[in-house]
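Trainee: I have a new structure to read. Please walk me through some of its features.

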Amino acid sequence: MPELPEVETVVRQLEPEVQGHRIERLEVLDPRWTRPVPPGELEAAVDGSTIELLGRRGKYILMHLDGGRTLVMHLRMTGNLILREGEEMRDPAEGRRLYESERSSEERHLRARFTLRGGRELWFTDPRRFGEAFLLDASRLQARFAKLGVEPLSPEFTPQALGEMAAGRTAPLKSFLLDQSGVAGVGNIYADEALFRAELHPLSPAGSMKPEHLEALRDAVVAALEAGIGAGGSSIDDYRDARGEKGSMQDEFLVHTREGEECLRCGGTIARIVVGGRSTYFCPGCQLRLRRRPKRRR
């Protein structure tokens, strides 16, 4: 599933390309993309709108339109938002046959298509069809994300804030990081990578962290996410960036998916366990398992 780095990569690539452009037409090719809103209703509301800004909240893409409206899109497990040039705008050296082959492959999973002024198109492709889109005004947008946690790349994400979230929590650190009401945008991949960087065992109770652990985890979360953004995201399965290209973070994993391989830090063997139903990779040799703090006597 695309996480914060993958979504941020798409937004950063698309924003300079689409900001200020008019959406001539939105075609919804799969009614599941807009349900329970009928596709025609969303099409009519978006057609003719101008894209004022493209942003991100957690794992959501925010397409801010004129009139104070925002089209919110979530890629879910296999969604991609890809900028397509008109055929006449593509590099002729690629060849007609290659272009048609690429187009046919993507069209099989095309769920929605934005036609922009000038001929460019934005394609929302999604093999498993879990992605979604919905249009909100300013007040409903704020309410929709009221329960979403702090942005980990923002100044508000501090060791102190992390400590307040974790206080009294007995949930494992892995589950704690995946809870979007705490830290928004961190998913399975980057939780593993962050815990490894912080040298913390994924089964440690969240409330057992001391100040030094909170500082290490905060820095590790930021470092893992920034590494993912720098690599253009992780393309383990279906993820592609806004240009239709794979990210390279999967080639730089420190621990995720590396079961049985040598730990890059201590030379131990990377293990895999299941935490909260999610495959979790860690090094038993150098990731410290914290114990639940005893209650203070009054």
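Trainee: Which residues does aspartate 30 touch, not counting residues up to four places away in sequence?

Mentor: This is a predicted model, where local features need pLDDT of at least 70 and side-chain atom pairs count only at pLDDT 80 or more, while totals for chains, interfaces and linings use all residues. Residues are numbered from 1 along each chain as its sequence is written, and side-chain values use heavy atoms, with hydrogens and water left out. Contact means heavy atoms within 4.5 Å. By that test, aspartate 30 touches Arg111 and Arg129.

Trainee: With which side chain does the side chain of aspartate 30 make a polar contact?

Mentor: A polar contact is a pair of N or O atoms within 3.5 Å; within protein, one must be able to donate a hydrogen and the other to accept it, and residues adjacent in sequence count only if both atoms are side-chain atoms. Here the partner is the side chain of arginine 129, at 2.7 Å.

Trainee: Is aspartate 30 buried or exposed?

Mentor: Buried means under 20% relative accessible area, exposed over 50%, partly exposed in between (1.4 Å probe, protein chains only). Aspartate 30 has 7%, so it is buried.

Trainee: Where does aspartate 30 lie?

Mentor: Helices (H or I, at least four residues) and strands (E, at least two) are DSSP runs, numbered from the N terminus. Aspartate 30 sits in the loop between strand E1 (23-28) and helix H2 (39-46).

Trainee: How many residues of helix H5 are buried?

Mentor: In H5 (residues 159-166), 6 of its 8 residues are buried. Among them are Leu162 and Met165. Their cover includes helix H6 (173-178) and H8. Glycine 168 follows H5, with a positive phi near 75 degrees.

Trainee: At what angle do helix H7 and H8 pack?

Mentor: Two packed helices are described by the angle between their axes and the distance between the axes. Axes are lines fitted to C-alpha atoms, for helices over the stretch in contact, and angles run from 0 to 180 degrees between N-to-C directions. H7 (residues 188-198) and H8 pack at about 130 degrees, with axes 8 Å apart. That makes H7 oblique to H8. Angles under 35 degrees count as roughly parallel, over 145 as roughly antiparallel, 65 to 115 as roughly perpendicular and the rest as oblique.

Trainee: What about helix H1 and helix H8: at roughly what angle do their axes cross?

Mentor: The axes of H1 (residues 4-18) and H8 (residues 211-230) cross at roughly 45 degrees and come within 8 Å. H1 is therefore oblique to H8. Residues of H1 in this contact include Leu4 and Arg12, and those of H8 include Leu225 and Ile229.
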